[in-house]
Amino acid sequence: MDLQDAHGWLLEVLNGVSVQFHRVPGSSILLRYIKSSYQNDPIRSAVELFLFLFAVRYLLSPKYSTSKDRHVKLTEEEVDEIVDEWVPEPLVAPQTAFEEAENERRPVIVGPTGPKSKLSTGRLVTNVASYNFYNLVGNETLKEKAIQTLRTYGVGPCGPPGFYGTQDVHMKIEADIASHLGTSSCIVYAQAFSTISSVIPAFSKRGDIIVADKAVNSAIRKGMQISRSSIRWYEHNDMEDLQKVLASVVKEQAKKPLTRRFIVTEGLFENVGDMVDLAKVVELKHRYKFRLILDETWSFGVLGRTGAGVTEHQGVHVREVDMLVGSLAGPICAGGGFCAGSTEIVEHQRLSASSYTFSAALPAMLATTASEVLAMLETNTEMLNQVRENVKTMWAQLDPRSEWVRCTSAAENPIMMLVLKPEVVASRKLDVSDQEQLLQEMVEEALANSVMMTRLKSMPRGINVTGKEVGWEFQPALKVCITSGLTRKEIERTGTIIRHAITKVMKARR
């Protein structure tokens with residue numbers, strides 16, 4: 001075939017293709033569009049054709065090469081050798097000698113944990129190691145109410161609140177808490193620890209910012225960890241440092257996309273015992289446009305005229321706090337936790353808070369107990385006054401009269417944290433383990449004299465975790481819990497025994 005024949009054959013093929021193309025519906029419209037758009041710009045037509053062909057090839061090609069085997073091939077002997085050498089990391093750190101000794105001597109209570117408790121050894125001791133501030137464990141009215149509820153509703157709802165777990169008593173306790181605090185709404189959780197650790201990640205996500213006090217408790221730390229938010233710390237209860245951190249965050253985020261920002265703190269700090277300056281925190285919150293999450297686990301039921309917490313105690317309107325979290329398991333002597341706030345805040349948690357959505361609802365017996373205790377606090381303020389008088393009595397026996405320890409708790413806090421004085425720690429060159437050993441000896445010496453107290457304890461440190469990774473660590477402390485179940489003379493006697501136990505241990509270790 002010569003060149004002329006080939007040219008004729010090509011023209012014939014093109015004519016055939018053209019005829020077939022014109023038979024396709026809409027082909028004439030496409031041709032008119034191409035002619036009108038590209039008749040003066042053939043380069044554009046070529047570029048777009050190339051991009052079209054490239055896109056087709058890209059979509060049809062595999063995402064990675066399947067022809068190359070990049071895995072290192074091991075023999076069966078090598079695989080067996082690697083498996084034999086692998087040692088899994090333990091789930092928990094092994095107990096230290098100090099922890100083993102403490103567990104062996106740990107007292108065991110037989111029966112209710114009242115002001116006077118019976119141990120498994122048969123001894124009767126004065127119990128200042130429980131949160132039975134108002135001696136509600138022995139309250140006959142609460143016992144009868146709990147028994148009636150148990151007979152009516154059974155042991156538990158056996159289902160999450162959103163799936164046949166909600167009962168009328170749950171709705172009542174939520175309304176009672178909201179009314180007691182003065183908030184629009186409230187949501188009740190089945191477990192106190194998981195309340196704040198679910199509330200935080202329900203609102204704060206990856207990319208959001210949390211500014212938190214360095215001394216916040218383990219439940220708050222767990223919630224912040226789950227949220228995967230950016231965490232900024234400020235020195236414990238230092239409002240000037242808080243202001244610096246907030247200003248720094250605002251400056252850093254000025255040219256970045258808008259994020260949610262939270263301040264997280266406690267009313268009464270679990271690890272120190274002192275009280276937050278809520279009015280100042282609220283002022284800074286408004287100035288720098290942050291939301292406030294306040295954990296009142298240890299201040300709800302304790303502070304204020306009716307036990308409504310630090311907001312009532314310091315005269316701060318409860319609506320200044322965006323999310324107010326509390327416990328029904330401590331001073332209230334029931335169980336579970338709650339988060340109070342606006343209706344929108346509460347309803348969001350019913351689908352977004354993990355421990356509410358995926359945990360069985362609070363047993364009805366605990367819900368009715370909590371409602372009864374709140375009614376008692378509102379109508380019988382003498383309950384709170386009696387505890388506060390006992391706190392003053394114990395303070396008079398310990399803090400000013402001991403040359404070895406000082407109390408870091410707020411004067412209104414029924415949980416007294418007694419730490420070794422700085423000059424004692426410095427003069428004897430005591431590290432954390434030394435202090436814990438001394439405090440444990442004080443606990444055992446007091447128990448030998450029929451007074452049961454305890455030490456402040458933290459969550460166990462993870463495997464291979466360094467001090468820098470842990471961050472802020474509290475100073476070891478004795479923990480003395482005051483109750484109204486003891487008379488003034490019994491409180492004075494208990495304080496004297498504790499003070500003498502401290503003195504005896506310290507003098508013996510000179």
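Helices (H or I, at least four residues) and strands (E, at least two) are DSSP runs, numbered from the N terminus. With that in hand, I opened my notebook.

**Ground rules.** I am working with a predicted model, in which local features need pLDDT of at least 70, side-chain atom pairs count only at pLDDT 80 or more, and totals for chains, interfaces and linings use all residues. Residues are numbered from 1 along each chain as its sequence is written, and side-chain values use heavy atoms, leaving out hydrogens and water.

**Entry one: Asn237.** I found Asn237 in the loop between strand S6 (230-234) and helix H11 (239-252). I noted its positive phi of about 55°, although Asn237 is not a glycine. Is Asn237 buried or partly exposed? At 22% relative accessibility, Asn237 is partly exposed (buried is under 20% relative accessible area, exposed over 50%, partly exposed in between, with a 1.4 Å probe and protein chains only).

**Entry two: Cys333.** I looked next in the loop between strand S9 (323-327) and strand S10 (337-341), where Cys333 sits. Phi of Cys333 is positive, near 60°, and this residue is not a glycine. I wrote down a relative accessible area of 23% for Cys333, which is partly exposed.

Ser204 lies in the loop between helix H9 (193-203) and strand S5 (209-213). I read a relative accessible area of 1%, so Ser204 is buried. Which residues does Ser204 touch? Not counting residues up to four places away in sequence, I listed Ile210, Ser227, Ser229 and Phe262 (contact means heavy atoms within 4.5 Å).
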